[in-house]
Amino acid sequence: MRNTFVSGNAYGTDLSRPLAQWATKVAPTAVFAILSMAFVANAQAETLFVTLEKDNALAVVDPIAGKLIKTVGIGQRPRGIVISPDNKFLYVATSDDNTIQIIDAETLKVVGQLPSGDDPETFAINAAGDRLYVSNEDDSLVTVIDIADKKVVKQIKVGVEPEGITASPDNRWVVSASETTNMVHWIDPKTNTIVENTLVDPRPRSLGFTADSQQLWVTSEMAGTLMVLDVNTKQIIKTIPFDVQGVTRDKIQPVGVVIDKDSKRGYVALGPANRVAVINAQTFEVESYLLVGQRVWNLAFSPDQKRLYTTNGTSNDISIIDLDSQKVTKSVGVGNYPWGVAVKP
Amino acid sequence: MRSINLSLQFTIKFLFIIHLLSVNFVYAGSKQTINIAYLTQEQKVPPPMSNLDAFIKDKGIWGAELATDDNNTTGQFTGQQFVLKKFIVPLDGNVIDTFNKAIGDQYPYVVVNLPSDAINSIADLPAAKQKLLFDVASIDDVLRNEQCRHNVLHLLPNRAMRADALAQYMMKKRWNKWFLVIGATEEDRLFADALRRAAKRFGMKIVEEKTWEHTYDARRTAQSDVAVFSQVDDYDVLVVADEQGRFGEYLEYRTWNARPVIGTQGLIATAWHRTHEQWGSVQIQNRFKEQAGRWMEEQDYAAYLAVRAVGEAATRTQSTEVNRLKAYMLSDAFALQGYKGNPLSFRSWDGQLRQPVLLAAPRSLVAVAPIEGFLHPKTELDTLGYDQAESTCKWSQ
């Protein structure tokens, strides 16, 4: 029963699936295991913060208990969200307010704002936690913000419709992907200038570095592929196509990408294909496709990397994937159009 | 299953070619310049059909402008510069003269926004032989078949593609019995031909066919005219062919039986629509509106794609040479991002841009064709319009 549920494809168009159905379809033992874990695992309890694009709110979720704790009102159309490396502050792009809110991660009060440029959506924080890099999609710019000064340091001209952006863990690179130019731009954070560009598959969407900063993974929304780039040569070393049985190609729109800290596996959210692709990070083979909620966009690991959290835009929930068993264990309804997710240990 | 395998093979081949072309750019050298001409003629303002929609005289131009900006944003990283020069022939001017004298040898790529009958008179000029023309206005099937030209690419979906898109949707809804209503113009008859072809292809039945002979100032009499006109044998859907919108808007809500209206009014088939917001199209809708101060029309979208096609081919080949770019555009490797999900490409047998067709109501996007379930061994996009085996274009000779 559980197997049919995970690989079935009829589910893809059902918009009205109530939450309760999940619980009955997931094996009762798994539910029991999670519930019992909630009692013993309070010490390592982590908190998820999910931006709700259409509710102008932030959902606060206890993923161990599998519960929505509360929803906090925030600015207009919140999308991108990151947490500071010291876990004290959340940064949330409120796109229609043209700003990035600074939110105290304990009190959830807005404590400041950062000048983001127009319509901020996606942004990245560097490993040191002192700079934000924001994509300004309509203006073909990347805005560099000094967090302490709350000032724009520089605006860098990039290709048309910049979207995905990420900073390498070793602080050597900031990479921006422009969706219509079909390039990734390699920005040196010391000089804030582009030093190299790599032409990639159409509509590059999201980017992720491996923990050793040696590889950059790039998803192409339109070709339905994942490209692995070697950071030293900045060349594509592998292109991985996705093919989900029973799902048409135009529904396979790879978005969010994350790679675990040991470079054992990477995970790619496939958008309206309602799947997360599991990729062997050594052989680059696709190991499986896990069925999650609808229009899965962004991904985040739990701090111990035992779980993966997904935001599912049109089913208004998040899915929780247990990474040891590689199974989707739970979904939690959070509100309208969950977009981004950040995890606080 | 076979079709899935073939399409996968095609995908892999396509990706492989893309991969081979992957290049890094650390631009330092001299710039390549790509000159693109945009040729159009001023139009007489037609008598207003309705007070709601003002006549737009500059359809197309803003699309070409936006694409040139986009090309140049990319060009700053690849060392290529795109120059768009507009040639707007006055109402009493002669487009052939302008083409011969003003466009000359300087512009290998010409975006042509002219009525159907002007396209081939330009394409057949000696001065056009070594150029690549982008037709951003015509929807005629004949220009993609018997009257096709080797130096013309067509950006808008032709009538057959539109009719097939509508037919697929009607088939999905099981609206199998059509009442076909045709206007009096030659264009309406051509669209009716395309609809008959689509009905045959998808096993639909035209149970009744009538030409609209009532008044066109139907504001006064529509209620009675349409009720009488539509008392025919039972049908599922009224399919209308009225490209100029002279009477089609009066049909909905006034038919004798309660039936939906589809075709050139009601639910329409179009390359672009203001209700479209999937696949990143919100971004181009916003960028376009900011630049042009109005919504993007079909011809703007077509001109955008034409100039972007030159840009995409120039970026990937790192060339400005017309034969090289044309060969690339017609190859399997070419993939143009058109904000409609699937990558767009040109059909190698007739130069038609293969693309999804939007099915839109005035304030809501209803579906995007090809409708799920219509399969094709190569690409589902070729379930719309003239497939290779059906084409009568012999442009390769």
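Guide: Gladly. In chain B, 7 strands form an open sheet of mixed pairing, in the order β8-β7-β9-β10-β11-β14-β15. This is a predicted model, where local features need pLDDT of at least 70, side-chain atom pairs count only at pLDDT 80 or more, and totals for chains, interfaces and linings use all residues. Residues are numbered from 1 along each chain as its sequence is written, while chains are lettered from A and ligands numbered from 1 in the order in which they are written.

Visitor: What makes β8 and β15 of chain B edge strands?

Guide: Both β8 (205-211) and β15 (364-369) pair on one side only. Strands are DSSP runs (E, at least two residues; helices are H or I, at least four), numbered from the N terminus. Neighbouring strands of this sheet are turned by 25° against each other on average, direction ignored.

Visitor: Which residues is B:Leu359 in contact with, beyond its neighbours in sequence?

Guide: Leaving aside neighbours within four places, its contacts include B:Ala165, B:Tyr169, B:Leu267 and B:Val368. Contact means that the C-beta atoms, placed from the backbone, lie within 7 Å.

Visitor: Why is something called a nonpolar core?

Guide: It is a set of buried Ala, Val, Leu, Ile, Met, Phe, Trp, Tyr and Cys residues joined through C-beta atoms within 7 Å. In the largest one, of 116 residues, B:Ile36, B:Val111 and B:Leu359 touch the most other members. Helix α9 (residues 298-317) of chain B gives the most to this core, with 11 residues. The core also draws at least three residues from each of domain 1 (9-156 + 274-355) and domain 2 (160-270) of chain B; these bounds come from an automatic or database domain assignment.

Visitor: How far apart are the C-alpha centres of those two domains?

Guide: They lie 32 Å apart. The contact takes 4 residues from domain 1 and 6 residues from domain 2 of chain B.

Visitor: Over in chain A, why is β24 said to be largely enclosed?

Guide: A residue is buried if 20 or more other C-beta atoms lie within 10 Å of its own, exposed if 12 or fewer, and partly exposed in between, with C-beta atoms placed from the backbone. In β24(A), 5 of the 6 residues are buried, so the rest of the structure largely encloses this strand. β24(A) and β25(A) pair in the antiparallel sense over 4 bridges, and they form a hairpin with 5 residues between them.

Visitor: How confident is the predictor in chain A?

Guide: On the pLDDT scale, the predictor's confidence in each residue from 0 to 100, chain A has a mean of 89, and 87% of its residues reach 70 or more. Over residues 1-43 of chain A, pLDDT stays under 50.

Notes. Contact = placed C-beta atoms within 7 Å. Pairing = 2+ DSSP bridges. Axes fitted to C-alpha atoms, helices over the stretch in contact; angles between N-to-C directions.
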